[in-house]
Amino acid sequence: MGIQLINIGFGNIVAANRIVAIVSPESAPIKRMVQEARERGMLIDATYGRRTRSVIIADSDHIILSAVQPETVAHRLTSRDNLEANEK
């Protein structure tokens, strides 16, 4: 059983089994969470200077910023799960 990887945009890849949540960055609590992660050094900015469209929360307490819509990341995640289920 290998590590499943998900493309989060611009060639950046995250381990799918480490993802806890994929959320929109618009709400105040998420903005606060991103700022706190930045202060703790636990923020990974994978936007390449573009607008943040999704915030990925990892089980290691890292926060990952992506320029890809949350729906797109979730679709890639579920597509990977479906592909893996079909292989079994």
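A residue is called buried here when its relative accessible area is under 20%, exposed when the value is over 50%, and partly exposed in between (1.4 Å probe, protein chains only). By this scale Asp-61, with a relative accessible area of 41%, is partly exposed. The structure is a predicted model, in which local features need pLDDT of at least 70 and side-chain atom pairs count only at pLDDT 80 or more, while totals for chains, interfaces and linings use all residues. Residues are numbered from 1 along each chain as its sequence is written, and side-chain values use heavy atoms, with hydrogens and water left out.

The protein holds two helices and six strands, where helices (H or I, at least four residues) and strands (E, at least two) are DSSP runs numbered from the N terminus. Read from the N terminus, the elements follow the order β-β-β-α-β-β-β-α. Of the 88 residues, 32% count as buried. Contact is taken to mean heavy atoms within 4.5 Å. Among contacts between residues at least 6 apart in sequence, 50% join residues at least 24 apart.

A nonpolar core is a set of buried Ala, Val, Leu, Ile, Met, Phe, Trp, Tyr and Cys residues joined through side-chain atoms within 4.5 Å. The largest one has eleven residues, among them Ile-6, Ile-8, Val-14, Ala-16, Val-73 and Leu-77. Strand β1 and helix α2 (70-87) are the elements that give two or more residues to this core. A second, separate core has eight residues, including Ile-30, Ala-37, Ile-57 and Ile-63. Within the largest core, Ala-16 is in contact with Gln-4, Leu-5, Ile-6 and Leu-77 once its neighbours within four places in sequence are left aside.

Helix α1 spans residues 28-40, 13 residues in all, and reaches 18 Å from its first C-alpha to its last. That is close to the expected 18 Å, a span defined as 1.5 Å times one less than the number of residues. The buried residues of α1 are Ile-30, Val-34 and Ala-37. Seen down the axis of α1, these buried residues fall within an arc of 65 degrees, so they line one face of the helix; the arc is that of the directions from the helix axis to the C-beta atoms. The cover over the buried residues of α1 includes β3 (19-23), β4, β5 and β6 (63-66). Just after α1, Gly-41 takes a positive phi of about 80 degrees.

Strand β6 contains Ser-66, which counts as buried at 0% relative accessibility. Its side chain reaches the backbone nitrogen of Val-68 at 3.1 Å. This is a polar contact, meaning a pair of N or O atoms within 3.5 Å; within protein, one must be able to donate a hydrogen and the other to accept it, and residues adjacent in sequence count only if both atoms are side-chain atoms. Leaving aside neighbours within four places in sequence, the residues in contact with Ser-66 include Ile-8, Thr-47, Arg-51 and Ile-56.

The loop between β5 and β6 holds His-62 as well as Asp-61. Asp-61 has a positive phi of about 75 degrees although it is not a glycine. His-62 is partly exposed, with a relative accessible area of 26%, and a polar contact of 2.7 Å joins its side chain to that of Ser-60. Not counting residues up to four places away in sequence, His-62 touches Met-42, Ile-44, Ile-56 and Ile-57. His-62 and Leu-43 lie 19 residues apart in sequence, with 5.9 Å between their C-alpha atoms.

Aromatic rings close the account. A search of the whole structure finds one aromatic pair. The rings of Phe-10 and Tyr-48 have their centres 5.3 Å apart and their planes at 40 degrees, so the pair is tilted. Rings of Phe, Tyr and Trp (its six-membered ring) pair if their centres lie within 6.5 Å; planes under 30 degrees apart count as stacked, over 60 as edge-to-face and the rest as tilted. Phe-10 lies in the loop between β1 (5-9) and β2 (12-15) and Tyr-48 in the loop between β4 (43-46) and β5 (54-58), so the pair ties together parts that are 38 residues apart in sequence. Phe-10 counts as partly exposed at 39% relative accessibility, whereas Tyr-48 counts as exposed at 54%. Phe-10 also has a positive phi, of about 60 degrees, although it is not a glycine.
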